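I opened this entry to look up the charged side-chain pairs and their surroundings. The structure is placed here for reference.

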Amino acid sequence: MDPKDRSNDVIASGVIKHVKPSAQLVGKLVGAPASELPTIYAAEGIWYDSLEALSNLVDAHPRDAKLRLIRAIYFAQVKLHDAAAHEMGLAGQPAVTVGP
């Protein structure tokens, strides 16, 4: 960083909103297999919990290429292209360069 010229500084911000799960969501989650949790959360628009549930599956099954490809898609959706390319590589797929 150059304190005299801040034009090249990288700045990021974000917001995470805590959402109380609806009774309907809780009903779907109770007894649902771990493999369905990412889809259930995603359908409700709860992206971080969906990603966490998916990441838990990847951690439990690190050689499952399909799970890694799904996580690559999650990363690509939010323009985390390096992370998406890394997941593609771990899935044994050629990394596709997307974005700048």
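Entry 1: I worked from a predicted model. I first looked up how many salt bridges the structure holds. The count came to 4. I kept in mind that side chains of opposite charge can pair when their charged atoms come close.

**Entry 2: Arg-6 and Asp-9.** I began with the salt bridge between Arg-6 and Asp-9, where the closest N and O atoms are 2.3 Å apart.

**Entry 3: Glu-44 and Lys-28.** I next noted a salt bridge between the side chains of Glu-44 and Lys-28, at 3.4 Å from N to O. I looked up where the two residues sit in the chain. Lys-28 belongs to helix 1 (residues 23-29), while Glu-44 is in the loop between helix 2 (37-43) and helix 3 (47-60). The two are 16 residues apart, and I recorded the pair as a link between distant parts of the chain. For accessibility, I found Glu-44 partly exposed at 34% and Lys-28 partly exposed at 38%.

**Entry 4: Arg-68 and Glu-87.** I then turned to the salt bridge formed by the side chains of Arg-68 and Glu-87, with an N to O distance of 3.0 Å. Arg-68 lies in helix 4 (residues 65-77) and Glu-87 in helix 5 (residues 81-90), so this pair ties together parts that are 19 residues apart in sequence. I checked the accessibility of both partners. Arg-68 is buried, its relative accessible area being 11%. Glu-87 is also buried, with a value of 4%.

**Entry 5: the network at Glu-87.** Which residues are linked with Glu-87 in a network of salt bridges? I found that the network joins Glu-87 with Arg-68 and Arg-71. I then listed the contacts of Glu-87, leaving out residues up to four places away in sequence. Glu-87 touches Arg-68 and Arg-71, and also Ala-72 and Phe-75.

Entry 6: By contrast, I recorded Glu-44 and Lys-28 as partly exposed.

Definitions and conventions
Residues numbered from 1 in each chain as written. Predicted model: local features only at pLDDT ≥ 70, side-chain atom pairs only at ≥ 80, totals over all residues. Heavy atoms only, no water. Helix = DSSP H or I, 4+ residues; strand = E, 2+ residues; numbered from the N terminus. Buried < 20%, exposed > 50% of the residue type's maximum accessible area, 1.4 Å probe, protein only. Contact = heavy atoms within 4.5 Å.
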